Amino acid sequence: MTFSLHGLPVARGVAIGRAVLMASSRVEVAHYFIEPERIASEIDRLRSGRNAVIDELHRLQLSVAQMGPNDAPHELSAMLDVHLMLLQDEALTSGVKHWITDRLYNAEWALTTQLEIIARQFDEMEDEYLRERKADLEQVVERILRYMKGVASPVAPPTTPRRKTQQDLLLDDTVDVPLVLIAHDLSPADMLQFKQSVFAGFVTDVGGKTSHTAIVARSMDIPAVVGARAASQLVRQDDWVIIDGDAGVVIVDPSAIILAEYGFKQRQGELERERLARLRHTPAITLDGERIELLANIEMPDDAPGAFKAGAAGVGLFRSEFLFMGRQGHLPDEEEQYQAYRRAVLGMEGLPVTIRTVDVGADKPLDRATKDEAHLNPALGLRAIRWSLADPAMFRTQLRAILRAAVHGPVNLLIPMLAHGSEIRQTLSLIDFARAELDNRGVAHGAVQLGAMIEVPAAALTVRMFLRYFDFLSIGTNDLIQYTLAIDRADESVAHLYDPLHPAVLRLLADTIAECRAQGKGVSVCGEMAGDVQFTRLLLGLGLRSFSMHPAQILAVKQEVLRADAGKLAAWAQQVLTTEDPAALLLAKG
Ligand code: PEP
Ligand code: MG
């Protein structure tokens, strides 16, 4: 039966595909298709994982039997029995084989898919004892996954299936249909993994519009909806799902008519993209001759060539923290970081690359495990520059790697979340220290422009102090809005209050831009506002001439720039700044 769910639209377009439910396993799981000739070896891999766990449990049973009755509680041996029984359960093994054989899922994906299905059956059970066996099943599956992690997969890395037309979709019901991912939550590190993967769109129960999960989805340029509440409980494995990333709507099990309607919308979106693609080589100049710099936000060095192709004038924000995530505590050393930054610099072919020092914390934990032990209020805690300054040796390692990469092309060094003069001075002296260390080692390094992010109201209110130390500023509106309005950007329950047009936010933005311009210093916006076409004219009117966004948004923003008269917009923007309801004025401007 058709039903729809509502969430927050985060990445535009329409995706139509079959649902893949992501089990909330604490073990990282890869998702990819295997070649048919690998079916047998994939089943073997699974069998070895399962047998290893059975052996382990048998050994445990033996040692329990050797203990005295006082040392070994009865519950322990009963639990081992239950786990062994679950491991040999037909529903688990035959189900997993089905996903591998008929769908060509890799073993880990097949296992977590089947876990999700059985877990739901447990949820529906009347008997409380049986319902609680779900946790045992999850533990057993996690044990298998951990064993399998130690066994290298013999198959090729993930591949992306070709995009299906609507006609294909209606006719074809085999393995090669698009898949959409439905999850309770996805960490930014999960998202990074999915960047290489097969999914045509995704939906999560939680998350805000500028949560980092949403940001990575936007960078993947696939339709996505977050904050869809109970989606992961209501959608079933394999359901047909339409994701409308423009409206924030998810339609489950659609009728043929609805499917046809969204197929049409999908095609229209593709045509619009083809039309915009023609603007790629058009310079971004307003009607009254103002040249506008459109830069790219990237997460990984390999995003750089795509940004270059999309016509970016450089990288305005390289979120370096993604190099640090999902590594179980082993942070990248200087050489690994240097190679990564160098790749990004070379990928931009002589255009400037702004590398932001690591910004972990808040909704960007280093590892999933660390999220569990997160501080009470992580967005206000040891995040970004605070984290870096708390470990100066680690910070200097990153600084040296960035300074070395500057030998290969123009590099700007950007520091996140500064608020205090003392933090600025400490940071600058560590940069000097890092330079001196390279000199002492006789290692080459290049000159960099130094920039600070303005994303804490305290920084926006002391821009003059910042400009005494820095060559340029970059306004992080995602956090500036979060901290000005006291709204957690990752929390869907307060998403309606997260308002880029709040007069307080606009005032901080306007004053920061005006002060930089008055002093002849560079200023850009690299938060999500910069890539949202509803705000392009307002930002132009406030005097902004440099915008940094996901590469996929550049052409749409350029179209707005080409239609704008910056001079006329300046007068209008002053009105927007002083009105009580800026949104109404923006709407009136059409
Ligand atoms: C911002 O806060 O606007 C920003 C660009 O940084 P991030 O989204 O990575 O916090
Ligand atoms: Mg930020």
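This is a predicted model: local features need pLDDT of at least 70, side-chain atom pairs count only at pLDDT 80 or more; totals for chains, interfaces and linings use all residues.

Visitor: How many residues of helix α9 are buried?

Guide: In general, residues three or four places apart in an α-helix point the same way, because there are 3.6 residues a turn. As for α9 (residues 212-220), nine of its nine residues are buried. Among them are His212, Arg218 and Met220.

Visitor: Which residues coordinate the magnesium ion (ligand 2)?

Guide: A residue counts as a donor when an N, O or S atom lies within 2.8 Å of such a metal. Here Glu455 (OE) and Asp479 (OD) coordinate the ion, at 2.0 to 2.1 Å. Glu455 belongs to the loop between β13 (448-454) and α18 (457-460), while Asp479 belongs to helix α20 (residues 477-485), so the pair ties together parts 24 residues apart in sequence.

Visitor: Is Glu455 buried or exposed?

Guide: Buried means under 20% relative accessible area. Glu455 is buried, at 2%, and Asp479 is buried with a relative accessibility of 2%.

Visitor: Which residues gather in a patch of negative charge on the surface?

Guide: That patch is formed by Glu126, Asp127, Glu128 and Glu132. Glu128 sits in helix α5 (residues 128-131), whereas Glu126 is in the loop between α4 (107-123) and α5. With 76% relative accessibility, Glu126 counts as exposed.

Visitor: How many residues apart in sequence are Glu126 and Gly446?

Guide: They are 320 residues apart in sequence, and their C-alpha atoms are 67 Å apart in space.

Conventions: Residues are numbered from 1 along each chain as its sequence is written. Chains are lettered from A and ligands numbered from 1 in the order in which they are written. Side-chain values use heavy atoms; hydrogens and water are left out. Donors are N, O and S atoms within 2.8 Å of the metal (3.2 Å for Na, K and Ca); water is not among the atoms, so sites may look incomplete. Helices (H or I, at least four residues) and strands (E, at least two) are DSSP runs, numbered from the N terminus. Buried means under 20% relative accessible area, exposed over 50%, partly exposed in between (1.4 Å probe, protein chains only). Patches are made of residues with over 30% relative accessible area and no salt bridge: like charges are joined within 9 Å, nonpolar side chains (Val, Leu, Ile, Met, Phe, Trp, Tyr) within 5 Å. Accessible areas come from the Shrake-Rupley method with a 1.4 Å probe; for residues, only the protein chains shown count as cover. A salt bridge is a side-chain nitrogen of Lys or Arg within 4 Å of a carboxyl oxygen of Asp or Glu. Lys and Arg count as positive and Asp and Glu as negative; His and the chain ends are not counted. The place of a charge is taken as NZ of Lys, CZ of Arg, CG of Asp or CD of Glu.
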